[in-house]
Amino acid sequence: DKETGKYIYETCLEIGNATNSLLLIGAAHSGLGRVADFEYDYESAMNSFQRALFYLSAEEQPSERIKALSRLGIMKFGMDDYIQAYDLLDEALRLLPKGRDPDTLENRVNILTYLCFLDIFKGDPLEANDNANELARLSVLVDRKSARVQAHGLLAMSQYFNSQVQLALLTCQEYQPLAENLQVRFWWSLLDNVTALAYLYTGNLDQSWIFADRAQVREKNYPMEKLYMQAVRIKGDIFRNLEDYPRTREFHLDLQQSGIKSYQTLGIQQGLASILIEEGKTEEAILLLEDAIREARKKGLAGIELNARMASLYYVRNDISVELFEEEGKEIYEEMTSRGMLDAKTFEYLLPALSAEMRKENGKALRIYLDMAEYLEGVGNVWLELKALKKIIQLSRITGQNTRPAVSRVNDLLVQLATNANHPAVKGSFLKFRNKWRRFVNDVSTKRVYKSNHT
C-alpha cells in the first residue's frame, strides 16, 4: 500500500529529524524515493534518493546506503539510463558484505538480477552468464520462492544470449510452473519472452507466438514497460523472418513511435532498416542505422551498436573498397567475439564469404557458405541457415555446381517449419513465405534443366 508506506516513511523522517539520527533520516528518504518510483514520479524519487545518499555513509550506515543505491539503480534501469544504473548497482554490489544473512542475500540477489539485465543490454553476455550462475545458486538460499523464478528467468536469458538456446528453453520450462503457481507477473513474463525468443530462433513459430502473446496480454497494463515492448518486438520479428513486412511494421512501428529510446526500441531499428533495403530505400535505411548507432552509444548499448554497425557495413559494401570492408568488418567481429555475443561466430564465415564475392572469387565464396550453412544447422538457427542456403544456390548456378543438396535442405527446412506454423496468427504469412521459397527453388531447377538440355 503506497499510502501506508508513505505515512511510515514520513513518520520515520520526523523521528529522525527530532532525534538527529542520520540513519533514520537517510532510510526515510530512501523509502520515500521508492514510493515515488512506484508512482512514476521520477523527479521526486530522484530528490529523495539523492538526499538518502547524502545522509547515509558507506562507513556508518552501509546496509541502508546499499539499499538506496540499488533502489536508485533499479529506477534508473526503468528510466533507460543504463550507464548510471550500472554504476549505481555496481557500487552497491561492491559495498555488500560477503555474509549469508537473509538481508544480505536478498540484496545480492536483487542487485545481481539487474546487473544481469544490464550486461545483456550492454552486449556482454559472458559477464551476464557469470552473474546469472551466481544469482541462480544464491536464490536457493533466499527465503522466498519467487527468488528462484526471478533468478532462473535471468539465467535463461543469459543462456539464450550466450548461444545456449536449447538450454535456455529447458530452464524456462522448468520454472514456468512455479511462476504460474506463485503468480509473479513480471518474472513469469520474462520467462515467457525468453521462451518465445528460443522458439523463434529454432523455427517453432506457433510456440513463439503463443508465449510472446501470453506475455503481451499479461503486461497489457504496462505498455511502456520493457516486458510488454519485448513481447511486441518478438511478434514483429516473427513476421520479419517470414518476410511479411507490412505485418512486421504493424508491431515495430508502434514501438518506434512510442518516443522511448530503450534497448527494445533501438533494437528494432536494424530490422526496420532491412525492410527499407528490400524496398530499395538504402539511404533511409542507413540513416535509421546511424540513429541506432548514435543513440546506442549514448546509452552504453554496445551490442545494438555493434550489430547496427555490421548491418550498415553490409548494406554499403558495394560502395566501398574490399580492403575497407575487411578492415571494418574485422574490427566489429573481434569486438563481438570478445563479448560472446549471440551469433557472432556467423561472421567468421559471412565476412570472408562476402569479401570473396566482392573479389569475384565465387568458388571460394561458395565453399565458405557451405561451411556456414553446416555450422548454422548445428546451432539450430533456421533463419540464417536459409539465408546461407540461398547464397549457395545462387553461387552454385553461377559456378555450374550441383544445386540439389542445397535445394533438398531448403525443402527439409520448409517441411520442418510447416509442422509448427499452424497458429492462425502466423499460418497465412508462413504459407506466402513457403510459396516464395518454392518459386525460387523451382526457378533454379528449371534453369538448370534448360541449361543441361541446351548444351
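1. Among contacts (heavy atoms within 4.5 Å) in the chain between residues at least 6 apart in sequence, 60% join residues at least 24 apart. This is a predicted model: local features need pLDDT of at least 70, side-chain atom pairs count only at pLDDT 80 or more, and totals for chains, interfaces and linings use all residues. Residues are numbered from 1 along each chain as its sequence is written, and side-chain values use heavy atoms, with hydrogens and water left out.

2. The chain has 22 helices and zero strands. Helices (H or I, at least four residues) and strands (E, at least two) are DSSP runs, numbered from the N terminus. Buried residues make up 54% of the 455 residues; buried means under 20% relative accessible area with a 1.4 Å probe, protein chains only.

3. The C-alpha trace spans about 100 × 45 × 40 Å along its principal axes.

4. Helix α19 covers residues 362–379. Its 18 residues should span 26 Å at 1.5 Å a residue, and the end C-alpha atoms are 26 Å apart, which agrees. The expected span is 1.5 Å times one less than the number of residues.

5. Buried in α19 are A365, L366, I368, Y369, M372, A373, Y375 and L376. Their cover includes α18 (346–358) and α20 (382–399). An α-helix has 3.6 residues a turn, so residues three or four places apart point the same way.

6. Just after α19, G380 takes a positive phi of about 85°.

Technical notes
Buried means under 20% relative accessible area, exposed over 50%, partly exposed in between (1.4 Å probe, protein chains only).
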